[in-house]
Amino acid sequence: MSAAQPDTGYNFAYLDEGTKRMIRRAILKAIAIPGYQVPFASREMPMPYGWGTGGVQVTAAILGKDDVLKVIDQGSDDTTNAVSIRAFFARTADVAVTTRTREATVIQTRHRIPEAPLHEGQVLVYQVPIPEPLRYLEPRETETRQLHALAEYGLMHVKLYEDIARHGHIATTYAYPVEVAGRYVMDPSPTPKFDNPKMDDCPALQLFGAGREKRIYAVPPHTRVKSLDFEDHPFRVQTFDRPCALCGAEGVYLDEVLLDDAGGRMFVCSDTDHCEERRADGHVGTGGVAETVAHA
Amino acid sequence: MLARGFTDPVHDSQGVFRAVMDALARPGTIQGLATGLEPPSPLTAELAAIALALADADAPLWLDEPLRQHPAVAEFLRFHTGARLTGTPSEAAFALVSDPAACPEFGTFAQGTPAYPDRSTTLVLAVSDLSCGEGWRLDGPGIRGGARLAAAPVPADMVERLGRNHAGFPQGVDLILAAAGRLAALPRSTRVTGG
């Protein structure tokens, strides 16, 4: 994968053991109270806030030497953020890394859930910028704490209703609020709402880390995750009117790629691993080229 | 002489934590737990391993009566974890219970507050029998369909206690049931009914 050599001089997975214990205790409480945001003493990491310091700390706390790590950024394995975090753990923990969703035991993600179904025994670690779903509606943490304690989520329904009043439909397309196990309303991180249905009854454990905001929360496997909606305006995901131009996949989330200055564009799978595997299996889209060499 | 701690503190702690994490994430499943510890009796190797992996100066320990009666147990835990030993159950981050049948009411331990339900005690019960597929019926987050779990010894009114604990959700305590070489967990989110 990367040419990074394991670094000596750091503890396994970079964090000291005291920090790991603190994060681990927070993770255990987060799992016991699905959707509730557990405060934790987030550390400074050797990367800026906004680059996934929360996710990195959660990954560092759970990672063992036999784990296989995959890191994605907007579905892609090969963007700067994904490559850097993968190299970080390859260097500080000497763990095996992969781009294959199926082979990974721990998947750290920035804003996508892989297209390939997750399975039991996998852990999906989300990088979260703003963990509080009510933050833009109520700026005071003391107040949002109370609202969660009382399960008072009327504000959020008003916000979604205002969407309908203004646009005729719920116009929230990412970070779409969900209700976890019938109790806490949770921000699924800025994943497209296309991915929300994958969180419901997911066989994998889902952990969320927000480094700057110092919060950890979790959704255990096989837990009910319901996107908020109204009876007359049920939750709906985006649809795409064409398949992936490279692999021909339908029913997947697509990225728009500009090709030239004359308005040329193509729509391709956001999940690069899914797209590559399909092309390796011989699927070709309208703008794709048939694979001549099968992937190993 | 003081019994030794983990042979490989970094990876042994991680292994214990992952077993506890998987058990809490999937109530009703039994996770393997190899410790390599030989702590002073009546502290079991599993209780010791969970304390060594998760307790420290920020996470006070509460010991039940049989453990308190043996100074070697306190000495072992103090040396290896650095955790404060508290006599007040409601101050404990972890409660180590070597005689689960005589475990105090769950309500005497920290329950968390409505705004911060995470500030609650995790009870670690040393059971001798632990099996899945029979016993209590479990339902809730982390459980596909339904699960069953049996453990002994436990308090006579265990199911009623767990019912009250679940009724207080999101406040309440979380339980880890640790037998020789394996463990299971009952987080507060799990509904438990009699088998």
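1. A polar contact is a pair of N or O atoms within 3.5 Å; within protein, one atom must be able to donate a hydrogen and the other to accept it, and residues adjacent in sequence count only if both atoms are side-chain atoms. Keep that in mind for the interface. The model is predicted. Between chain A and chain B, 17 residue pairs are in polar contact, with both residues at pLDDT 80 or more. Several elements of chain A each supply at least two residues to the side that touches chain B: α1 (17-32), β1 (38-39), α2 (53-62), α4 (141-149) and β8 (205-210). Of these, α1(A) gives the most, with 11 residues. Sorted by class, this side of chain A has 24 nonpolar, seven polar and 11 charged residues.

2. Now the extent of the interface. Chain A brings 42 residues to the contact and chain B brings 40 residues. The area buried between the two chains is about 3,100 Å². Carbon and sulfur atoms give 62% of that area. Which three residues of chain A supply more of its buried area than any other three? They are Arg25(A), Leu28(A) and Lys29(A), with 21% of the area that chain A buries against chain B.

3. Charged pairs also cross the interface. The rule finds five salt bridges between chain A and chain B. One of them joins Arg25(A) to Asp56(B). The closest N and O atoms of this pair are 3.2 Å apart.

4. Look next at Glu120(A). This residue sits in the loop between β4 (106-110) and β5 (123-127) of chain A. Is Glu120(A) buried or partly exposed? Its relative accessibility is 38%, so it counts as partly exposed. Leaving out residues up to four places away in sequence, Glu120(A) touches Pro203(A), His222(A), Arg26(B) and Arg144(B). The side chain of Glu120(A) makes a polar contact of 2.7 Å with the side chain of His222(A). Another polar contact, of 3.3 Å, joins the side chains of Glu120(A) and Arg26(B). Glu120(A) and Thr105(A) are 15 residues apart in sequence, and their C-alpha atoms are 9.4 Å apart in space.

5. Aromatic rings come next. The whole structure holds 11 aromatic pairs over all chains. Tyr176(A) has 1% relative accessibility, so it counts as buried.

6. Phe194(A) and Phe240(A) form another edge-to-face pair, 6.2 Å centre to centre, with 65 degrees between the planes. Phe194(A) is in the loop between β7 (184-186) and α6 (196-199), and Phe240(A) is in the loop between β10 and β11, so the pair ties together parts that are 46 residues apart in sequence. Buried means under 20% relative accessible area. Phe194(A), at 11%, therefore counts as buried, whereas Phe240(A), at 30%, counts as partly exposed. Ring pairs also link Tyr10(A), Tyr14(A), Phe88(A) and Phe89(A) into a cluster.

7. Check the backbone too. Most residues other than glycine have a negative phi, and most peptide bonds are trans. Two alanines of chain A deserve attention here. Ala151(A) has a positive phi, near 50 degrees. Ala151(A) lies in the loop between α4 and α5, and is partly exposed at 36%. Ala175(A) also has a positive phi near 50 degrees. Its place is in the loop between α5 and β6, and it is partly exposed at 22%.

8. Chain B has cis peptide bonds to inspect. The bond from Ser41(B) to Pro42(B) is cis, with omega near 0 degrees. Pro42(B) is in the loop between β1 (31-32) and α2 (45-54) of chain B. The bond joining Ala152(B) and Pro153(B) is cis as well, with omega about -5 degrees. Pro153(B) is in the loop between β7 (147-152) and α5 (158-167) of chain B.

9. Finally, α2(B). Why is this helix described as largely enclosed by the rest of the structure? Because 10 of its 10 residues are buried. Among them are Glu46(B), Leu47(B), Ile50(B) and Leu54(B).

Conventions:
Residues numbered from 1 in each chain as written. Chains lettered and ligands numbered in written order. Predicted model: local features only at pLDDT ≥ 70, side-chain atom pairs only at ≥ 80, totals over all residues. Heavy atoms only, no water. Contact = heavy atoms within 4.5 Å. Buried area = accessible area lost by both parts, 1.4 Å probe. Salt bridge = Lys/Arg side-chain N within 4 Å of Asp/Glu carboxyl O. Helix = DSSP H or I, 4+ residues; strand = E, 2+ residues; numbered from the N terminus. Nonpolar A, V, L, I, M, F, W, Y, C, P; charged D, E, K, R; others polar. Phe/Tyr/Trp six-rings, centres within 6.5 Å; stacked < 30°, edge-to-face > 60°. Buried < 20%, exposed > 50% of the residue type's maximum accessible area, 1.4 Å probe, protein only.
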